[in-house]
Structure formats: structure tokens, C-alpha cells
Amino acid sequence: DTACRDRFITQFGARAFRRPLTATEHKRYAAAFETQPTFLDGARVVVEAMLQSPKFLFHVEEGPGAAWSDYAIASRLAYLYWDTMP
């Protein structure tokens, strides 16, 4: 059902992107999920899409003087101290 779909997208997206998904991103992945006939097929499509996203594959550095988000700071500290994601 839609509650389970939304929970899956929210939780997996937060782990993959190391931050919460924006409303636009959530809508995009929910739409991709709904194109599939079964829950497992929908989950597979969402996982594939998130793991191919540039937000998962590339780490974009902020420019000089840019304010870092709390999630960016937590991610950098986790990789520095524990060599893994937060």
C-alpha cells in the first residue's frame, strides 16, 4: 500500500543520499514505484534509480564560504572517524 511504499522510499532514500529526501525527489521516486505491477518490482526500480543518481554517486563539495548542512557535517565526520556512513 502507499504507506509502506512511502516509508520504504523515505528510509532507503535517507540511507542512500545520507540526508532526507526533498518533497520533489520523493514524488519522483513514488511515481517510478507506481509504474510497476508489484511491490517488489517497484522497490527494485526505486533502488536502481537511487543508486544511479548523481546524488548517490558523486560527492559535491561546497564552494568557499558556503554554509554546510547538518547532514553534510555528520556525513564527513562519520567517514573521518568511523570510515562508514552515519
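**Figure 1. Contact of helix α1 with helix α3 in the predicted model.** C4, R5, F8, I9, F12, G13 and F17 of α1 meet F39, A43, V46, V47, M50 and L51 of α3, where contact means heavy atoms within 4.5 Å. By class, the residues of this contact comprise eleven nonpolar, one polar and one charged; Ala, Val, Leu, Ile, Met, Phe, Trp, Tyr, Cys and Pro count as nonpolar, Asp, Glu, Lys and Arg as charged, and the others, Gly among them, as polar. Helix α3 spans residues 39-52, and its axis lies 11 Å from that of α1 at an angle of about 25°. Axes are lines fitted to C-alpha atoms, for helices over the stretch in contact, and angles run from 0 to 180 degrees between N-to-C directions. The angle makes α1 roughly parallel to α3; angles under 35 degrees count as roughly parallel, over 145 as roughly antiparallel, 65 to 115 as roughly perpendicular and the rest as oblique. The crossing of α1 past α3 is right-handed. A crossing is right-handed if the near helix is turned clockwise from the far one by less than a right angle, and left-handed if anticlockwise. Helices (H or I, at least four residues) and strands (E, at least two) are DSSP runs, numbered from the N terminus. Residues are numbered from 1 along each chain as its sequence is written. Because the model is predicted, local features need pLDDT of at least 70 and side-chain atom pairs count only at pLDDT 80 or more, whereas totals for chains, interfaces and linings use all residues; side-chain values use heavy atoms, with hydrogens and water left out.

**Figure 2. Contact of helix α1 with helix α2.** Helix α1 covers residues 2-17 and helix α2 residues 23-34; the two pack at an angle of about 125°, with their axes 10 Å apart. This angle makes α1 oblique to α2. As α1 passes α2, the crossing is right-handed. From α1, the residues R5, D6, F8, I9, T10 and F17 meet E25, H26, Y29, A30, F33 and E34 of α2. Six nonpolar, two polar and four charged residues make up this contact. In the loop between α1 and α2 lies R18, a residue other than glycine with a positive phi, near 60°.

**Figure 3. Contact of helix α2 with helix α3.** The axes of α2 and α3 are 8 Å apart and form an angle of about 140°. That value makes α2 oblique to α3, and their crossing is right-handed. On the α2 side, Y29, A32 and F33 meet F39, G42, A43, V45, V46, A49 and M50 of α3. The contact has nine nonpolar residues, one polar residue and no charged residues. The loop between α2 and α3 holds T35, which is exposed, with a relative accessible area of 56%. Buried means under 20% relative accessible area, exposed over 50%, and partly exposed in between (1.4 Å probe, protein chains only).

**Figure 4. L51 and S53.** L51 belongs to helix α3 and is partly exposed, with a relative accessible area of 35%. Not counting residues up to four places away in sequence, L51 touches F12, F56 and L57. Its C-alpha atom is separated by 7.2 Å from that of A16, 35 residues apart along the chain. S53 sits in the loop between α3 and α4 (54-57) and is buried, with a relative accessible area of 10%. Apart from neighbours within four places in sequence, S53 is in contact with F17 and Y29.
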